[in-house]
Amino acid sequence: MIEVPPSAGVPSGVPAGDPVVSTLFRSDQGGHEQVVLCQDRESGLKAVIAIHSTALGPALGGTRFHAYAGAADPEQAAVLDALNLARGMSYKNALAGLDHGGGKAVIIGDPEQIKTEALLRAYGRFVASLGGRYVTACDVGTYVQDMDVIAEECRWTTGRSPENGGAGDSSVLTAFGVYQGMRAAAQRLWGAPTLRDRLVGVAGVGKVGRHLVEHLVRDGARVVLTDVREESVREVLAAHSGAPVTAVADTAALIRTEGLDVYAPCALGGALNDETVPALTAKAVCGAANNQLAHPGVEKDLDERGILYAPDYVVNAGGVIQVADELHGFDFARAKAKASKIFDATTAIFERAATDGVPPAVAADRLAEQRMGL
Ligand SMILES: NC(=O)c1ccc[n+]([C@@H]2O[C@H](COP(=O)([O-])OP(=O)(O)OC[C@H]3O[C@@H](n4cnc5c(N)ncnc54)[C@H](O)[C@@H]3O)[C@@H](O)[C@H]2O)c1
């Protein structure tokens, strides 16, 4: 009998319990359908395309272009990020009422250094090779002009420029959707779906934040805002001179504003954390920023403080609703009608949270899993 050494057949260098593999195959950590690693030596493309689920339709989610320079192993960090982001898209698309599953891609590298037409085209050919199982769009580091290039090679591309049949800037409907979520929170807290006479704090008046301020002013709300970019603050204040719109120095001051009714994080992720939640004066949180909860458990802290949290991925789905609509020939009115349903989706989450006795973030996940049949 030939004795087989314990390592037979195992290539050297494969760590035990590889986090990518376990995230991919273990349903409690991800349970993804497919992950594709892509390389084009000529253009320098290295990318990962992660498809979490196609249960509701083709996986839809953006392409992130990022270097992960601070990570010990940037390539592994990129793959894990793609896996996590793809899973998030399944939940987001499910609750947005879209017939799309979740997917996401990451092109590894600094876009400032390596983004070329050849690289984007090579990437487009890889997406095309999936035959429509994954539909791509913009994310951090990619823009409508990039989608125009990718679309030259791949018909499963959305988020293109209007000149190329696309819907263009998605922040208009993202802000509209956040406003619908906020109306749902107002209905739940104060019995009417309006922000009239309420004080709303908007942190970050970039593309989405400034459109949100417009909705709020039109609704009769009072707004206090902040942004690290002083010019943005000046522009938004000037656009609403005569309206009850004021500014404070920073987010730390904004969240402590006396009489604040709603806090709308519209800048970066991690806005709700161990420092900010105890300091919040608002009775509700509803904003556009992705990944607002800094770590698991923050949703419980909000709940214990009696602060109503409208889950970020539900209320900021206007953008994905827009790019999904583009796949059928963009119709702004149709996309807006769909984004207005974010009001109903947010209401359903608050109701489920009350029935199940769980925070809204947990109720949202449960409702999404129900729709996906998980
Ligand atoms: N644009 C969309 O369609 C869309 C869709 C879904 C989610 N989001 C999320 O919404 C958020 C805003 O998106 P955007 O497109 O408006 O981005 P943006 O870059 O145009 O705006 C972000 C703004 O936040 C400001 N900012 C950054 N750090 C800040 C800080 N510490 N305090 C105060 N202000 C700060 C920036 O100066 C900028 O004006 C992001 O988290 C984004 O991921 C956007």
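In strand β4, Gly-101 is the bridge partner of Ala-59. Strands β3 (residues 59–66) and β4 (residues 101–108) run parallel and are joined by six bridges. The model is a predicted one, in which local features need pLDDT of at least 70, side-chain atom pairs count only at pLDDT 80 or more, and totals for chains, interfaces and linings use all residues. Residues are numbered from 1 along each chain as its sequence is written.

**Sheet**
- Five strands make up an open sheet of mixed pairing, ordered β1-β2-β4-β3-β5; strands (E, at least two residues) and helices (H or I, at least four) are DSSP runs numbered from the N terminus.
- β1 (34–40) and β5 (134–138) are the edge strands, each pairing on one side only, where pairing requires at least two DSSP bridges between two strands.

**Helix pair**
- Helices α4 (residues 117–129) and α5 (residues 144–153) pack at about 55°, with axes 7 Å apart; axes are lines fitted to C-alpha atoms, for helices over the stretch in contact, and angles run from 0 to 180 degrees between N-to-C directions.
- The contact of α4 with α5 comprises six nonpolar, one polar and six charged residues; Ala, Val, Leu, Ile, Met, Phe, Trp, Tyr, Cys and Pro count as nonpolar, Asp, Glu, Lys and Arg as charged, and the others, Gly among them, as polar.

**Ligand surroundings**
- Among the 24 residues around the ligand, Gly-204, Gly-206, Val-208, Ala-267 and Gly-319 come nearest; a residue is near if its C-beta atom, placed from the backbone, lies within 6 Å.
- Helix α7 gives the largest share of the shell, three residues.
- By class, the shell has nine nonpolar, twelve polar and three charged residues.
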